[in-house]
Each structure stands twice: as C-alpha cells, then as structure tokens.
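Thanks, everyone. I would like to take a few minutes to go through some side-chain contacts and one piece of the fold, so please keep the structure in view while I talk.

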There are 2 protein chains.
Amino acid sequence: MLASIRILAKPSAARHANRAIVYPSFGNPSEVLTAVTYPDLSSPPPKSLNVRYILSPINPADINVIENKYHSKPSPVKTLAEGTVHAFSEPHFVGGNEGLAEVIEVGKGVEGYKVGDRVVLTKQQSGTWASARTLHEDDVLKVPEEFSDVNAATITVNPPTAYNMLHSFVNLRPGDLVIQNGANSAVGQAVIQIASRRGLRTLNFVRNRNDIISLKESLHSLGADHVYTYDDLKNKETVQQIKSTITHKGASLMLNCVSGDPTKDMTRFLAEGATLVSYGAMSKQPLSLPTSLFIFRDLVCRGFWQTKWYADHSREEREDLMQTLAELKVSSCADDVDKTTDVLSNDAQQLQEPEHEILTLKGAASDQEVAQQVREIISKMQGGRYGKKALLKFE
Amino acid sequence: MLASIRILAKPSAARHANRAIVYPSFGNPSEVLTAVTYPDLSSPPPKSLNVRYILSPINPADINVIENKYHSKPSPVKTLAEGTVHAFSEPHFVGGNEGLAEVIEVGKGVEGYKVGDRVVLTKQQSGTWASARTLHEDDVLKVPEEFSDVNAATITVNPPTAYNMLHSFVNLRPGDLVIQNGANSAVGQAVIQIASRRGLRTLNFVRNRNDIISLKESLHSLGADHVYTYDDLKNKETVQQIKSTITHKGASLMLNCVSGDPTKDMTRFLAEGATLVSYGAMSKQPLSLPTSLFIFRDLVCRGFWQTKWYADHSREEREDLMQTLAELKVSSCADDVDKTTDVLSNDAQQLQEPEHEILTLKGAASDQEVAQQVREIISKMQGGRYGKKALLKFE
C-alpha cells in the first residue's frame, strides 16, 4: 500500500511515459542508438523492485560496450515493461552500466528495501539509460545517506576501483608513495583523495595539454603531492628532479589506466618487489615492459576490475564498501592532514563530486530529439573533447 | 693433516700450475678474455676452503656478464692466490658463475665440509673458470652423492629454477597443464622432467628449425606431452588443434624465457587467474601483453631469479633443495607414470644430464692456446650454433 501512496505523492513519476536509450545491434553509437517510449511498469514480480532512475552516467566504457569492444556484454531484452503491451519488434540492448535510482514499488519477499530508497546497480550492463526498470533485489545496493545524488550516481565503479586498488594489493603505510597515470580520470582523482586521506604520497602523471597549469592546480587541491606529464618522462633533467622527490627505495604500488610507452617509463620510479595494477588502457597500446623488471626487480603485474569484485563479494560486503566510501572524509587540502587532526575533522569533506554536466532529456521532446541529444554527447566524448562526466536525467 | 694426505694422494692436483680465464674490463669476450697461470693456493683463511674445480659450465648468461649486459656484476680480484707472489697488474674479473669443485684444503672453523667433498657455488659471479680458488664456506653447498659430475656442475641454476617455478607460484595438481616456451633450454628440459614426474601435463613451444622432428622426439622422450613451434601460433588450424588438446579452462601456469610476440600469442591458452613467470628474454624483446588480460582475465605476471632465491634462503634450505633435486626420480618415459608405480620405481632415473661437451683445457697448452679455445666456443654460442652445454675442465 505504501508503494501506491508514494506514487500518488510523486505525480511526476507516474504522469510521464517512460523513455530509454536503446540499440538493436552493436555498432557506432551515432548510428545504432535510438530512444524509445514505453508505458508505466507493471508491479514487480517477487524478489524484484521497480525503480525510477534519478541520474545515469555515460561512462567511456559504455561507448565501448555499444561498439562491442568491451569485455562484458549486455543481454538484449524483448520489452522494457514486462506484463504490458510494450514489446520490441526485435530484442534490444539498453545502454548504461551505472546509475542512481529510487525505489518506486517493491515486489513480494524483497528484504531490506522500501519505496523511496536510493539504490545503485552492482550488476554489470543492466541498462541504466532509462526512466524506470524492474530489477532483481540482488542486483541493487542501497546508497548511504551521506552521498549527494551526483556522487551516488557515480559511486559504483570509479571510487570503489580507487579504494580497492589502494587497499587490496600492497600493505601501504603513511608516507609510502603511490604512482599513477591518467591521474585526472575519475578513478585517478579518487585515488589522489583517498591516498591523501591515508597519508600516502602520490606521484601523478597526466597528458600534456594547453591548460596543464590549471589541471595541476586542480589535482594538487585534491591532495596530489606531485603532478607531471608524460612528456616530462622524456626529459632527463625532469626525471632526475622526480627521482629526487621520491624516497630512496621508490614506490611499491603503481596504478595504470594508460599502458604504452609512458607506463614503461614510469616503472623506473618503482621499488624492488613493487606491484603494478592495471585497470584501463586508454592509449590502446599493450602493457609492454622489459622482462628484466620481472626477473631482477621482482615486479608483479596484476589487474583490477570492479565488476569482478562485485561478482566475488556478498551483498553484505558490497554494502560495507559503500558505507566505507560514504564515511571516507577527505581533506580538501592535503596539507591539513599533516597539520592537526582537528583541522582535518573540521575541514574534512567527502569524496568530491566529479566534474559533471547533467543532460536533461525533456519529457516533452520527441524520441528522435532525445536520441540526437545523447548521440551528440557521445560523439564529443569519442573525440576526446568532453572533459566532464555526462549524467543523463530522464524528465 | 687429512688435507695434506689427500693432496699427496692426488699428485695431479698439486703438480700442475693453476689456470684461470679472466678479463680486465667488460667487452666482447673474443677481445677481452685471456688465460692466466698462477701458483698453488696458500692455506685458506679461517671459515674458508680451497677447492679444485672439476667442471665449470659456460652458460649464456656468463657471456652477458662479460659484455656487461647482465643484472649482476662480478667483483674484480687483485690476485687468484692470496698470500703468494701472484698478483695482477690491474684487478681482473674471473669468468663463470657455476661449477663443481672438490675441497682440497679446509680452513680453521669450517663446519660441515671435509677434504674430498664435492661442492657447488651459490654465490653469484664467484669466478668458476679456474683450476682452484679459495672460497668462503657460506658460498658453497655440498653436492648430494646421487649426482654425476656433469649433473652436479649444472645443478645450481637451471634445475632449481625449474623446480622452484613449478612449486612456488601456483598450487598445481596432477593433470594440470603448464605452458612454456624455450622448452629445449636447460631449464625447459628440467621443467618437462619435473612436471612429468608430478603428473602435470606440459604444452611446450620451441623455435622452428631443420631438425625439429628429432627435437620434438627428444622432448617427448623427456616427458613432454605436446611440443609446437612459435610458427604454429600463426596458423589458425594448429591453434584450434592445440586448444582441443588442452582442458577447457586452460593452463594456470606459464613459464617464459623468450618474451616478444610468441609469448603474447601463447597467453590465449591460459586459464582465468593464471600466473605467467618470466626467467629470461631470449628474443631480447619486451614482455608485451594486452592490458585486458590483466583486467578481465586476472593474469598475474611475475619473475623468478634463482640467484635471489639463494640470497633469500638459509644454508639449510639450500641444502634441502639440492637433496630434493637429487632424490627427484624422473621417469625416462612419461607413459610409465600412468601405467604403474612399480614400473616407475624400476625405470626411474634422475634428471637427465644436459646434452654437453667437455672442453679440456690441457695443462701442457700455453695460456694463449687455452684462451683461444674458450673464445672459440663462446663465439659459437654467440652465433647460436652451439646447441650443447659447454663444460670447462682445467687439466
């Protein structure tokens, strides 16, 4: 009964038809993506929930999925509203892997969720670019109250990737150095903030660019100790300068989302027995390293994939991770950590929201117009001209 | 007293002057290597031993050391016979890392060694290309009786590398598959024999060559289950054939001494979560792998260096390893393992001696002639035209 009262109390959720961004087959997003309108969901089956999406990010990996260039594949669906007249002429994929939703109706036997709860998805490729979906209770996770909508919508992939890479591979102690590339990525920014909070030092690398000075300032403000560009790795004097800033033994952990030559060059700052964890390969180059690093310097190369982490961990463990991230107070300025814990507790704030733009898909717009809006953003992201996180908001 | 009696009983050891293969500076062996004659050793200082070398291998890494292209560096010496008139005009390096020697005199306070004991070296780059040396007791290891002289002279590097790689990284069970390249190397042959004895299956890769059929037969006779060439990796049908011979899940351990493209191609036969252990890079190419293998297939890349193993383990642990290798009965034919353990225990034999040639450096030859002999063998090894293990025997 609570469910229906809730719906009545939120007429906007019930009044509009639902919309989703879908594609019938893999290909270039600008060619295959369309928008589709579908009726309100029927009541959810047992152990399931109906949710209304609040914000649904477009992550770079989502584009790779549509292009069929990603490791995990979505499952096509015949309908977006089971038990209604809605059905596709042929099965379609629904875009999106990550998203923040609100529970709008609860099926029989569901435990631990109620109408109004904010939830995120831990099942990969569940199709979050939609107004409303019916989800199995095992595929969602309640969001701690501490999170803003934007933080919650982007909490399932990047911050846990950063957190787990900093906690699962090497036993790091305050003062230890962590090296990373792609330091301005969403994961990279979370790494800087979490590492800084733990008293770790970070040596960060980014691509050179016109606004490099402001980028460096922005990363320093998150808590980065050192920021250099890949170009700096070709300059002997700068390399010496970097070496003089790091401890004698070097870093015991390196995080890689780039691969290719710069990554190889960065290994010169590693300690013997260091671990290099890869979670991406933005250069589209292989991870190519001298074999001697493994034999004589005892290097260990591993990988991390948050999706696998979710698959390997229980609901309780997933909830614990969310709560840990929610309670992770991050100083807005790395220096505060060193000064006094009082300053820290006063100034402390949560993980910063990623720089983002909310793309409202108007309820009054046509499916064609909405599809065009999404295709344009994706086209910008493909061209590398979109530095922010794009968040879809279905009106 | 025992020492002098022993020397008297072996007049050949005392009668001849000693000789060593030395070099004053790093460079091309054919240019820097010379032979030098030196007097009999003085009595060893406390905690030290005088030894007479029985057999001293020339390993490929020894050539890299002379070229200054190897990770570990030898220490130059001012004399080969401390306390005598012998001295170099400038400090020289003595070639050789591995060798079998006989104790000819024991210094004060030495425990666990007596005249006549056969010993091998566990200290890297100690200079084994010599008739006789004075060594610290911590740098030698007694050789189990079971070993022939040839096996003992080649026991400190390759067989323990094979044994440790098969035992230290992955918990393997009978029937499990191990993949390796450079399968005809000394380590590769030891891997085949030890794996076969443990009931593991091996998928072996070698370079294509004119006598590939006889090479395959020879590896099969050691216990290899499958032998293919790197060329086969480029042939889709053969790759399918290989896939049909391995288990559904693939191999959990891969051993690499080649790197470069063939190594990358071999990873397609790996199970999820597999470990790739590198101990060499004969192609002189980097280890270059798709980053996705680490992220989505949970690949772990590591390295192994027996020299580090010795440095990290106690004398007792080193002796245990030697004894383990000595007691490792290896079936001469892999099929025997499957048939009956009775057949195995009857037919079982130790690790096969590596294919080798003993190069006797005649006592009557001049230093120039001896140096020329060694340079010629090394030149053949550099040209890849020397398929056997060369063992120096100082007459």
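Let me start with the cysteines, where the sulfur of Cys301(A) has its closest cysteine sulfur in Cys301(B), at 5.9 Å, which is too far for a bond. Please bear in mind that this is a predicted model, and that the distance is computed from it. A disulfide would need the two sulfur atoms within 2.5 Å, and a search of the whole structure accordingly finds zero disulfides over all chains. Both residues of this pair are buried, Cys301(A) with a relative accessible area of 1% and Cys301(B) likewise with 1%.

Now to the aromatic residues. Over all chains, the structure holds 18 aromatic pairs. One of them is formed by Phe26(A) and Phe93(A), whose ring centres are 4.7 Å apart and whose planes meet at 20 degrees, so the pair counts as stacked. What does this pair tie together? Phe26(A) sits in the loop between β1 (18–23) and α3 (29–32) of chain A, whereas Phe93(A) belongs to strand β4 (residues 93–94) of that chain, so the contact connects parts that are 67 residues apart in sequence.

In chain B, Trp309(B) and Tyr310(B) form an edge-to-face pair, with 5.7 Å from centre to centre and 80 degrees between the planes. Trp309(B) is buried, with a relative accessible area of 12%, and Tyr310(B) is buried too, at 4% relative accessibility.

Going back to chain A, ring pairs also bring in Tyr23(A), which is linked with Phe26(A) and Phe93(A) into a cluster. Another aromatic residue of chain A has a charged neighbour: Lys142(A) lies over the face of Tyr113(A), at 6.0 Å from the ring centre.

Finally, a word on the fold of chain B. Strand β16 (residues 356–361) and strand β17 (residues 389–394) of this chain run parallel and are joined by six bridges. Which residue of β17(B) is the bridge partner of Glu357(B)? That partner is Ala390(B).

How values were computed: Residues numbered from 1 in each chain as written. Chains lettered and ligands numbered in written order. Predicted model: local features only at pLDDT ≥ 70, side-chain atom pairs only at ≥ 80, totals over all residues. Heavy atoms only, no water. Phe/Tyr/Trp six-rings, centres within 6.5 Å; stacked < 30°, edge-to-face > 60°. Helix = DSSP H or I, 4+ residues; strand = E, 2+ residues; numbered from the N terminus. Buried < 20%, exposed > 50% of the residue type's maximum accessible area, 1.4 Å probe, protein only. Lys NZ or Arg CZ within 6 Å of the ring centre and 35° of its normal. Pairing = 2+ DSSP bridges.
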